[in-house]
Amino acid sequence: MSSRECLLAYELLQEHYGKIAADVASFLLQNGWQPLRYIALKANLKLDQVRKALCLLIQHKLAKFHVRKRKIVEYAINIENVLSILFHPKFIYTVKLLYGDAAELIVEEALQHGIILMSTAIKNVADRLPDENGSGKIEKAFKDLVQTHFLQREPEVEKNEEEEYIVPIFTQNEADLYRLPTLSEESLKRKRSDDGSDEPKAKRLKSEHETPSVKDDGVYWSVNISRFQQYFRDQSIVASVTQRFGTPCGEIVRAMLRISEVTTPANAQSTQPISSAEIARSLPQKLPMEHVEQHLKLLSNDEDQIVQLFDDSGSGGLYVVNLKNSALALATATVLSYVQQRYGSKACRIFRLLMLKKHLEQKQVEEFAMIPPKEAKGYLYHMLAENMVIMQEVPRTPDHAPARTFYLYSVNIQRLSRILLVKCYKTCTNLMTRHNHLIKTNKRILDKEERITAIKVRVNATLPDADEAQLEEIEEMMTSSERTSLTKHQHCCNKLHTAQNQLLNTIFVLDSYLNALSSA
Amino acid sequence: MQTDVEVKQEPTIPLTLETEILALCNDNPKGVSDKSLETAVAGYDVKQRVTAINRLLTMGKLELLRGSSGLIYRIKTPSAVGSISGVDNQEKLVYQIIESAGNKGIWTREIRYKCNLMLTEVNKILKNLESKKIIKAVKSVAAAKRKVYMLFNLQPDRSVTGGAWYSDQDFESEFVEVLNQQCFKFLQQKCENADKDTTLSPTATNASSFASSEEVLEFISKLGISKVTLSPEDIETILNTLIYDGKVQQTVVPVANGESKKLFKALKPLIETTDFARTPCSLCPVFNECRPGGEISPENCLYMDEWMEY
């Protein structure tokens with residue numbers, strides 16, 4: 001919860017939900033749990049505006065509420081969910097690759113609404129897809145998503161008769177998390193009121209609605225973010241194993257992760273033990289059994305210990321994928337790659353040397369790294385100045401005389417990944433700021449472009465046989481230099497967006513490593 | 001008159017004493033301890049013995065060492081005797097001290113401690129000896145400003161010159177770099193050959209992509225890029241730097257005669273370049289001062305301008 005994260009959250013919310021929601025959120029981030037009136041007072045906003053903003057944030061699961069001292073309702077922001085707004089495009093793309101267009105649209109709808117009824121989702125997607133028999137396919141896609149846990153059911157409001165409760169109490173069984181309601185064809189065509197908000201309005205109870213009840217009324221679904229994160233984590237592990245050990249080993253690890261997809265909780269340290277026979281059975285390209293066993297043995301002998309031998313029992317031995325170790329290995333590789341890019345490969349050698357040997361004096365560093373002493377000193381002090389490397393003084397005399405003190409250098413990966421993560425957040429904010437700035441500077445040209453497109457559409461609609469001359473005239477409203485600056489602007493925007501998306505990968509790796517540390 | 005006779009008589013006695021002592025030392029080339037000398041020339045008194053020994057020492061026929069059980073006298077080989085002709089006592093003393101340091105050399109301060117002479121005198125003597133080309137100064141690698149002195153015809157020890165990586169006290173970084181790359185290429189090639197051979201099982205492929213330090217040494221010597229002959233320990237230091245580069249991994253395996261051997265294998269990186277490093281912000285030297293709306297900000301960032309050009 002650093003200030004960088006708060007700034008990034010502010011930018012994101014401003015971009016997606018507007019300035020008022022962003023202001024409310026930033027106030028809550030700075031001050032923790034706050035009641036409604038207090039927010040309105042301190043943030044200089046009208047009560048109504050704050051109320052609506054909070055509605056919006058809670059609907060999208062970005063804010064949460066609780067009761068204090070039985071009278072006061074307080075609100076706070078869920079910062080992880082805000083930052084995962086960055087990952088929404090990636091979610092949609094992943095689902096598209098896995099399950100096709102219908103599923104992609106379902107997830108898009110779910111992300112847009114925050115929480116959504118199954119029937120609403122299917123209806124909206126059916127409207128968007130041109131396919132006639134679409135609803136069957138869409139329903140099937142929805143079921144697939146639920147079965148593989150990409151969508152989850154929201155807790156239901158407990159029905160209570162008393163007036164004592166100010167806020168709705170939510171209940172949910174473990175078993176109900178992914179239970180589908182039965183849905184008939186008719187219910188898809190019926191209209192219903194969008195009853196999504198559970199927001200308490202001062203101290204009034206919710207009034208009963210008169211619309212015809214649908215079978216799945218009150219059963220809301222939302223995107224299961226941790227499942228997506230699990231999926232991304234699996235992808236990155238498989239990619240790195242394939243890079244280092246080759247395709248067969250990558251396939252084996254992928255099979256292992258697929259088997260334990262739904263059985264392993266999100267923050268477990270390692271997967272369930274899987275026997276090598278089971279792995280060999282579930283490989284897409286069959287390899288001979290001895291090869292599979294040998295690959296597993298090779299993987300478990302590696303010093304990073306991504307795959308570990310759990311036990312020798314069971315046919316061929318039981319293996320687990322150690323998720324904590326793989327998070328550490330990936331985070332270390334990220335940090336090393338950053339050091340290499342920024343300071344050079346010789347500095348990277350010094351860095352890795354310090355990582356392996358834990359603590360070294362300056363002279364020893366020069367000796368082991370085989371780098372000329374002057375250069376080695378330069379790199380070491382440069383990294384020290386930017387906090388990549390830590391120095392510890394070990395005095396020999398009580399007066400800490402420099403000539404008689406040991407100066408030991410060392411490296412702390414945990415600290416460094418936190419520093420790097422904050423830098424990534426700042427970079428993300430910078431990219432977004434630059435993007436906004438570009439749009440502002442090129443506003444004139446963009447507006448003109450919009451106007452021209454609008455005119456073209458109107459002309460084409462009203463006069464279907466518009467002649468060439470008229471169309472050309474419209475085209476010429478834009479001069480060539482303006483056209484070039486427009487293409488340049490689009491190119492820059494593309495580049496910024498691509499960089500932002502790529503940055504997400506790094507953010508994800510570092511974030512999952514820090515989460516693995518804190519949950520251990 | 002009588003004193004004359006006495007004086008005359010004395011030289012003869014010491015002369016015979018000297019020859020006796022010399023003969024004794026010749027018989028025991030390893031050296032004669034003070035005690036055994038005493039018993040051997042029991043006929044003469046202490047003063048005469050001491051004078052005789054002093055004379056022999058001055059003439060350079062004998063040399064004095066300190067053994068575990070007292071003083072030892074040893075006969076000096078003729079060549080060494082000849083080399084220091086024309087020098088006086090103090091220089092001889094200094095020379096002996098330097099000689100005793102062998103091929104590690106000795107520092108001026110230590111010479112001073114051992115012979116208790118003044119700094120200026122020691123310096124003068126050292127200059128003298130150097131001009132006569134009897135001793136030489138060698139720059140030490142460990143402390144760049146210190147000079148150690150040793151006999152002219154001795155080879156300086158590895159610890160002083162730094163061994164194969166230093167030529168004239170200069171660290172040969174290009175040499176190390178070239179060796180680094182060659183070793184890595186050899187290991188990479190071995191790995192690729194092992195991968196290409198598809199008939200082998202995975203364990204065998206893995207095993208055949210390892211190389212020992214002797215194999216690498218053989219390859220490097222065949223390449224002939226090194227003027228100096230390298231030892232296995234030298235190659236191991238180079239391979240260690242490759243481990244620190246993250247390009248090579250090391251395992252230890254037990255070998256037939258009960259010892260263990262180190263094996264090395266080329267390693268592929270775990271990930272490609274991290275995506276954070278593709279943004280200009282990661283390489284920006286003023287990253288910490290950058291603030292939206294400030295003097296240095298994303299809006300007017302020059303690095304971003306350049307980056308968006310292509």
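Which residue in E6(B) is the bridge partner of B:Trp107? Select B:Trp107 and look across to B:Val148, its bridge partner in that strand.

Before going further, a word on what is on your screen: this is a predicted model, in which local features need pLDDT of at least 70 and side-chain atom pairs count only at pLDDT 80 or more, while totals for chains, interfaces and linings use all residues. Residues are numbered from 1 along each chain as its sequence is written, chains are lettered from A and ligands numbered from 1 in the order in which they are written, and side-chain values use heavy atoms, with hydrogens and water left out.

**Stop 1: a sheet in chain B**

Stay in chain B and select E4, E6 and E5, which form an open, antiparallel sheet in that order. Strands here are DSSP runs of type E with at least two residues, helices are runs of H or I with at least four, and both are numbered from the N terminus. Two strands pair if DSSP finds at least two bridges between them. E4(B) and E6(B) (residues 147–151) are joined by 2 bridges and run antiparallel. At the edges lie E4 (106–107) and E5 (135–139) of chain B, each pairing on one side only.

Contact means heavy atoms within 4.5 Å.

**Stop 2: a sheet in chain A**

Move to chain A and select E9, E11 and E10, an open sheet of 3 strands in that order with antiparallel pairing. E9 (274–275) and E10 (307–311) of chain A are the edge strands. Between E10(A) and E11(A) (residues 318–321) there are 4 bridges, and A:Val307 stands opposite A:Val321 in E11(A). H14(A) packs on this sheet, touching E10 and E11 of chain A, at about 110° to the direction of E10(A).

**Stop 3: a pair within a helix**

Next, show the side chains of A:Asp48 and A:Arg51, which meet in a salt bridge (3.6 Å, N to O). The rule asks for a side-chain nitrogen of Lys or Arg within 4 Å of a carboxyl oxygen of Asp or Glu. These two are about one helical turn apart, because they lie 3 residues from each other in helix H4 (residues 47–59) of chain A. Over all chains, the count comes to 24 salt bridges.

**Stop 4: where the chains meet**

Finally, show both chains together: 52 residues from chain A and 50 residues from chain B take part in the contact. The chains bury about 4700 Å² between them, 62% of it on carbon and sulfur atoms. Buried area is the accessible area (1.4 Å probe) that two parts lose on being put together, summed over both. Select A:Arg244, A:Met370 and A:Arg434, which supply 16% of the area that chain A buries against chain B, more than any other three residues.

This interface has 3 salt bridges. At A:Arg434, find the salt bridge with B:Asp305 (2.4 Å, N to O).

Key
Axes fitted to C-alpha atoms, helices over the stretch in contact; angles between N-to-C directions.
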